[in-house]
Amino acid sequence: MYPKKELAQIVISACIQFDVDAVVISPGSRNAPLTIGFSNHPEIQTLSVVDERCAAFFALGIAQQTKKPVAVLCTSGSALLNYYPAIAEAFYSNIPLVVISADRPKHLIDIGDGQTIRQENVFENHILFSANLVENEKFKTRNAQLIGEALQISVSQQGPVHINVPFDEPLYETVKKLNNFNFPHISLSSLDNSHINYNELAKIWNAAEKKMIVVGVNYPDDELHNLMDLYAEDDSVLILTETTSNLHHNKAVNSIDQLIFSMGDADFKELQPDILITFGGMIVSKRIKRFLRDYQPKHHWNIDAKKATNTFFCLSEFIQTTPVDFFTHFNNFITPIQSNYQPKWLKIRDYRRQKHAEYFKDLKHSDFKVFEEVLKKIPENTSLQISNSAIIRYAQLFTIHKTLTVFCNRGTSGIDGSTSTAIGAAFANKNQTVFITGDLSFFYDSNALWNKNIPNNFRIILINNSGGGIFKIIPGPGTTNAASYFETPHCLTAEHLAKMYNFEYVKAYSNETVTKGLQGFFKASEKPKILEIFTPSQENDLVLKEYFKYIK
């Protein structure tokens, strides 16, 4: 059973040809022709999620893991606007999300007809391509060209595209056969690396005694790991990685804030690099951003295949290629030199690590203590999803086991779809997925649990400090008389949500009950599980502030 409407058949055929084999559908009537066609096609996996915002983040989580385009399909009107947070995240995180929206035909827009808004180009600030189709036989060739271009751009440039499909009634007529259509392959510009002057860059690099590499959000990559070994063994190079970088080396600084939080002017001047190389996505640490803006390097080279990122306001060279391609070539031109730069700062790093371990020996129950206990117990080869705000910042202060892969929605750094993304990632990943989240992020996205596609091995660790702990950590909110609007205190728990959505539920409220709650928590079960850990709201920020004093 396929839709009789030819425009719907064109969209479905294009998805088949360009390897879009998963579609997340939210219910509606105007999208019925596409819903019928996708759900009946043997090469398409269709997944139903009611809430469009959750559906888009769920699809984003799948695409995040597979690196393949995943489509979302909705009806007309405000349904489409609920996709926007996930579209923005996909745009800044380079994730191929294909947004397909049903629409009313043009003669029904702005005349008072129900469930209509101006849908064409609605995402223009955060989309790689918008294909506005027309339901008319005369536009068949043009429609096919636009759809083909959209899907090819999503794949080649790894980002979101929007296909707006207007349908007039009737919507539910069907046929038994899907027609075939030809979609022209468009000529997409490929990266041209001939402009990169490796000789000139190497002259600058080899002459410098203080060089720094900072790595932001990055997919796990064995080849990149191997290429970075050369820099880790160079005494003049200090590598700073974040939890989300998925890069590990015993001669890298893997906890930036732990190293620089309490440093003064003299230390910053010694740490200030002559050359800075950056690659990967968004950087979590505000302190490294502030440091490199105040103590700018003479040269900042940013490596990225798509766009330059001038995070520190001193970009001198945009190297438009992939990090693997750059280092594969550049490694042939450079020579390690003797310097005290790396040994000095690794010695300080090791001292901070020692003090870190001492601090936790008798630490009372708190957000920080919970993180230590949880990270010790997560099984090897787990896919770890982390929500934003205070949670990702706590994670930055620990050494993550090298077999774990770490993901976080750092494109826009919002809390709005973290749970839905984690569920999508769990659905697509053969390894177990564990999601660590805070209470505001969890309750904000609680509709994420309204999803029948959640695997039984999915685990949520919910750290509930009764509202907005990040606003007690960062300077500013506490000095105002409007603290309750920043911290949003509450008395909510996940217990009834767990029961409603058929999750196993465990709660903990002390060091002893956390240890007990984690026993067997990651083992196989017939349901997904939530471990909710309640922590003392009035003490968490004090514990963290005391930590930074202690490790100095």
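Biologist: How many of the eight residues of helix H12 are buried?
Modeller: Six of the eight in H12, residues 323-330, are buried, so the helix is largely enclosed by the rest of the structure. Buried means under 20% relative accessible area, exposed over 50%, partly exposed in between, with a 1.4 Å probe and protein chains only. Helices are DSSP runs (H or I, at least four residues), strands likewise (E, at least two), numbered from the N terminus.

Biologist: Which residues of H12 are buried?
Modeller: Pro 323, Val 324, Asp 325, Phe 326, Phe 327 and Phe 330. They pack against helices H7 (198-207) and H8 (222-232), and against strands E12 (275-279), E13 (299-303) and E14 (317-319).

Biologist: What are these values based on?
Modeller: This is a predicted model, where local features need pLDDT of at least 70 and side-chain atom pairs count only at pLDDT 80 or more, while totals for chains, interfaces and linings use all residues. Residues are numbered from 1 along each chain as its sequence is written, and side-chain values use heavy atoms, with hydrogens and water left out.

Biologist: Now cysteines. How many disulfides in the whole structure?
Modeller: Zero, taking a disulfide as a pair of cysteine sulfur atoms within 2.5 Å.

Technical notes. Contact = heavy atoms within 4.5 Å.
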